[in-house]
Amino acid sequence: MAFLTGYVDAVNYVRYHAFSTMMVGNMTLFAVACGDTIASHNPPNKIIFLACLIAMFMIGVYAYRWSEVRWQWSPRTWAPIVLGYMLLIDLGPIFHPFRHWNHQYADPLHFSPWVVVAQAPIFGVIDAIALKSNFGALPWGTTGNVINMVYSLISCVQGTAVTTKEKVGVTLLASSLLGAIVGGLWASFYRRAHCGMTFIGIAWSMLLCNLAGLEPAPKQETMTDTEA
């Protein structure tokens with residue numbers, strides 16, 4: 001999971017200078033854009049773009065939570081939706097109605113940055129599944145994972161046991177970094193190639209279908225005083 005997320009974020013940052021999964025990064029870019037717009041009196045295009053990106057991510061989180069509460073959907077239910085959505089993201093720019101009228105859409109290198117905004121809702125769903133299920137963590141390397149890596153190094157030096165939490169943090173960080181390296185190389189050397197969201201969707205769908213750790217944590221029933 002962390003590898004896939006790192007790959008997507010690296011490709012999007014190289015091409016569009018924004019992230020489709022890491023909202024902390026987007027909020028930082030949003031704040032910087034606000035300051036730059038005020039200082040330079042530039043049009044607020046970047047501010048609007050990032051605000052829409054963050055809002056679309058939140059819509060994805062809302063959709064997952066609503067489906068979970070209202071219809072008791074599990075992550076497995078979302079698997080075909082994730083695959084279909086990412087397929088549309090890959091095919092959408094190819095069949096863009098203005099592709100042959102505007103050279104900006106004729107070359108995948110110059111795809112509109114609003115492609116990232118289109119990706120955001122489905123990654124809102126994926127991140128919500130990862131964080132609020134039994135997995136219990138965001139599927140990419142965070143500052144907390146860096147701290148866990150340092151703690152695990154100290155444990156190894158001192159000859160003490162490395163905790164499961166530290167092992168998971170190091171694994172997430174390493175996988176995310178590896179995915180980002182691969183994504184950065186892909187976006188840099190193959191600038192005319194698609195991001196490959198269809199393959200990402202296939203991988204995510206398989207994870208959602210087969211990993212029991214991503215199933216929602218079962219609710220524990222408690223006895224009332226009357227039942228007792």
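This tour moves from the whole fold to the core, the aromatic pairs and a surface patch.

**Before you start.** The model is predicted: local features need pLDDT of at least 70, side-chain atom pairs count only at pLDDT 80 or more, and totals for chains, interfaces and linings use all residues. Residues are numbered from 1 along each chain as its sequence is written, and side-chain values use heavy atoms, with hydrogens and water left out.

**Stop 1: the whole chain.** Colour by secondary structure. You get eight helices and zero strands, in the order α-α-α-α-α-α-α-α. Helices (H or I, at least four residues) and strands (E, at least two) are DSSP runs, numbered from the N terminus. Of the 228 residues, 39% count as buried. Buried means under 20% relative accessible area, exposed over 50%, and partly exposed in between (1.4 Å probe, protein chains only). Now contacts, meaning heavy atoms within 4.5 Å. Among contacts with a separation of 6 or more, 74% join residues 24 or more positions apart.

**Stop 2: the core.** Select L53, V82, M86, F123, I200 and W204. They have the most contacts inside the largest nonpolar core, which has 36 residues. Such a core is a set of buried Ala, Val, Leu, Ile, Met, Phe, Trp, Tyr and Cys residues joined through side-chain atoms within 4.5 Å. Helices α1 (2–16), α2, α3, α4 (75–91), α5 and α8 (197–210) each supply at least two of its residues. Helix α5 gives the most, with 10 residues.

Zoom in on L53. Leaving aside neighbours within four places in sequence, L53 is in contact with A18, F19, M23, N26, V116, V117 and A120.

Step across to N26, in helix α2 (residues 23–40). Is N26 buried or exposed? N26 counts as buried, at 0% relative accessibility. Not counting residues up to four places away in sequence, N26 touches A18, F19, L50, L53 and I54.

**Stop 3: aromatic pairs.** Rings of Phe, Tyr and Trp (its six-membered ring) pair if their centres lie within 6.5 Å; planes under 30 degrees apart count as stacked, over 60 as edge-to-face and the rest as tilted. The count comes to six aromatic pairs. Select F49 and W114: this pair is edge-to-face, 5.4 Å centre to centre, with 85° between the planes. It links distant parts of the chain, with F49 in helix α3 (residues 45–70) and W114 in helix α5 (residues 114–132), 65 residues apart. F49 is buried at 6% relative accessibility, whereas W114 is partly exposed at 41%.

Next, Y62 and W66. Their ring centres are 6.2 Å apart and their planes are at 15°, so the pair is stacked. Both lie in helix α3, four residues apart, about one turn of the helix. Y62 is exposed at 56%; W66 is partly exposed at 39%.

Then select Y64, W71, W73 and W78, which ring pairs link into a cluster.

**Stop 4: the surface patch.** Select V146, I147, M149, V150, Y151, L153 and I154. They make a nonpolar surface patch of about 610 Å². Nonpolar patch residues (Val, Leu, Ile, Met, Phe, Trp, Tyr) have over 30% relative accessible area and no salt bridge, with side chains joined within 5 Å; like charges are joined within 9 Å. A salt bridge is a side-chain nitrogen of Lys or Arg within 4 Å of a carboxyl oxygen of Asp or Glu. End on I147, in helix α6 (residues 143–158). I147 is partly exposed, with a relative accessible area of 45%.

How values were computed
Areas by Shrake-Rupley, 256 points an atom, 1.4 Å probe, with all protein chains shown as cover.
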